[in-house]
Structure formats: structure tokens, C-alpha cells
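Trainee: I am new to this model and would like to go through it with you. Could we start with how its parts are named?

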Amino acid sequence: MSRMNAEYHIEMTREALASHFSERALEIIIAANVRQDAIRYQFFHDEIHYDNNAFDKGDRYINEQRGYVLATLLSPGILGAWVAFGRLLHTAQDFYAHSNYVTLWLDQFDAVPPPPPEIEPLKRELVKSPSLRSGKIYFPLDALYYFKILRPFVLKILPKDSHGWMNLDEPAQGLKFPYAIAAATKRTSYELDLLRKLLTPEMFARFTDK
Ligand SMILES: [Zn+2]
């Protein structure tokens, strides 16, 4: 059970991509992104949300979706490329909300850390750090966590390594939340840049639909 409110996925995706894609492409990318948090993808899909320390599976899922983008663009199709890119972005964005990456990045600084816009989204030694963790799902407690009225009680019994304690899904999680948003927004731009390098100019133009 694991969700960053859809409004944040939408905002970050728009901020990073709006100037690069046609509106119809952007809308399909965003719809595919947000759909990943549908109830049927909430349980037993750690790879989609980087839950339960599923870093390898999450990375593999992103690579797989990138592969679909390429495969679709090698054919006359286009819709599948936008959908796959939306799925890819959901997982990439969830990485910062569900892992301790932001904490590891902030821990590098003794005194006052730089402001959120300065966070580096893919610092190698942090992505590969043996201290990298993501929230574990303790079922059904982590499901009850979503009932705000139960939350204080649920947090008392949830272990500290749970998604309930670790997530940066919303502003109420405190000062680290804007860092998660900034990192995920930068990562979204990075994923587009990566495709720009992988695709031919013709394929890239078809992809951005501009
Ligand atoms: Zn998610």
C-alpha cells in the first residue's frame, strides 16, 4: 500500500515535461503515471512503487518500460510509448517518496543542508549505498495508515522501517518532503534526456509529438 497523492505526480510530471511534449501526449503520460496507484496495483507490486526494499525489481521495471518506449517507436505506433513512459515515471518518482534517498543525501551535510532545488537525484554513491532502504509494507497495518483518524494509533504499532513511518508522500511528512519533490522532478527531466540520447531525432520528435 503505497501512494503519493496523484496531485504531486501530476505536478512534477507537468513541471518537467510540459514544454517538451504536446498536450495530448502529456495527458496520456500523466494518466498512465497516476493509474499505477490504482487499488489493483497497490499490493504485491513492490516493483511499481519501490516498496519493501525492491530496488532491483524497481530498476528492472523502469528498464523494461524504457524498452517498451523504444520498441513502440521502432514500429509505427505511438500510444504505447507514452503509456510506458508514464509508468516508468511513476516508479522513478516514487523512489524519492518511498526510500531514504533524501535522508542519505541530507546526511552528507554537517550543518544546514542546501535548499531542495539543489538535491542531486542520482548521486551514485547514494543509489548504490548499502544504507539505502525503502519502507516495508506491514499488511494490514499499512493499509489502515491511510485512514487519517487511525493514523496516530497505527504509527504507534508500526515498526520504524515501515512505509507508514518512512514515506515522503505528502507535505505533512515534514521538511524532507520538498526534497523528495525536487529530486523526483529532476529525475523526470533526466528520464526524458536519457530517451533523447537513445532515440533517433526522428523517433524523438514522434515521441514528443511537437
Ligand atoms: Zn506509487
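Mentor: A helix here is a DSSP run of H or I with at least four residues, and the helices are numbered from the N terminus. Please keep in mind that this is a predicted model.

Trainee: Then where does Asp 209 lie?

Mentor: Asp 209 is in the segment that follows helix H12, which covers 201–208. Its phi is positive, about 60°, although Asp 209 is not a glycine.

Trainee: What about phi at Asn 52?

Mentor: Asn 52 also has a positive phi, near 55°, and is a residue other than glycine. Asn 52 sits in the loop between helix H3 (46–49) and helix H4 (55–74). Because 20 C-beta neighbours fall inside 10 Å, Asn 52 counts as buried.

Trainee: Which residues of H11 are buried?

Mentor: They are Phe 177, Tyr 179, Ala 180, Ile 181, Ala 183, Ala 184, Thr 185, Arg 187, Thr 188 and Glu 191.

Trainee: And what covers them?

Mentor: The cover includes helix H1 (6–17), helix H5 (79–98) and helix H6 (101–106).

Trainee: How do H5 and H11 pack?

Mentor: Their axes are 8 Å apart and meet at an angle of about 150°. H5 and H11 are therefore roughly antiparallel to each other, and their crossing is right-handed.

Trainee: Which residues meet there?

Mentor: H5 brings Leu 88, Leu 89, Ala 92, Gln 93, Tyr 96 and Ala 97, while H11 brings Ala 180, Ala 183, Ala 184, Arg 187, Thr 188 and Glu 191. By class, this contact of H5 with H11 has eight nonpolar, two polar and two charged residues.

Trainee: And at what angle does H1 pack against H11?

Mentor: The angle is about 50°, with the axes 9 Å apart. H1 and H11 are therefore oblique to each other. Their crossing is right-handed. The contact joins Tyr 8, Met 12, Thr 13, Glu 15, Ala 16 and Leu 17 of H1 to Ile 181, Ala 184, Thr 185, Thr 188, Ser 189 and Leu 192 of H11. Seven of the residues in this contact are nonpolar, four are polar and one is charged.

Trainee: How does H1 pack with H2?

Mentor: H1 and helix H2 (residues 23–35) pack at about 145°, and their axes are 10 Å apart. This crossing is right-handed. From H1 come Ala 6, His 9, Ile 10, Thr 13 and Leu 17, and from H2 come Leu 26, Ile 29, Ile 30, Asn 33 and Val 34. These divide into seven nonpolar, three polar and no charged residues.

Trainee: Thr 13 keeps coming up. What does it touch?

Mentor: Leaving aside residues up to four places away in sequence, Thr 13 touches Ile 29, Ile 30, Asn 33, Leu 89 and Thr 188. Thr 13 lies in helix H1, and because 24 other C-beta atoms are within 10 Å, it is buried.

Trainee: A change of topic. Where is the cis peptide bond?

Mentor: It joins Phe 139 and Pro 140, with omega of about 5°. Pro 140 is found in the loop between H7 and H8. Most peptide bonds are trans.

Trainee: Is Lys 128 buried or exposed?

Mentor: Lys 128 is exposed, because it has 9 other C-beta atoms within 10 Å. Lys 128 also lies in the loop between helix H7 (124–127) and helix H8 (141–144).

Trainee: Last one: where is Pro 113?

Mentor: Pro 113 is in the loop between H6 and H7. With 15 C-beta neighbours inside 10 Å, Pro 113 counts as partly exposed.

Definitions and conventions
Residues are numbered from 1 along each chain as its sequence is written. This is a predicted model: local features need pLDDT of at least 70, side-chain atom pairs count only at pLDDT 80 or more; totals for chains, interfaces and linings use all residues. A residue is buried if 20 or more other C-beta atoms lie within 10 Å of its own, exposed if 12 or fewer, and partly exposed in between; C-beta atoms are placed from the backbone. Helices (H or I, at least four residues) and strands (E, at least two) are DSSP runs, numbered from the N terminus. Two residues are in contact if their C-beta atoms, placed from the backbone, lie within 7 Å. Axes are lines fitted to C-alpha atoms, for helices over the stretch in contact, and angles run from 0 to 180 degrees between N-to-C directions. Angles under 35 degrees count as roughly parallel, over 145 as roughly antiparallel, 65 to 115 as roughly perpendicular and the rest as oblique. A crossing is left-handed if the near helix is turned anticlockwise from the far one by less than a right angle, and right-handed if clockwise. Ala, Val, Leu, Ile, Met, Phe, Trp, Tyr, Cys and Pro count as nonpolar, Asp, Glu, Lys and Arg as charged, and the others, Gly among them, as polar.
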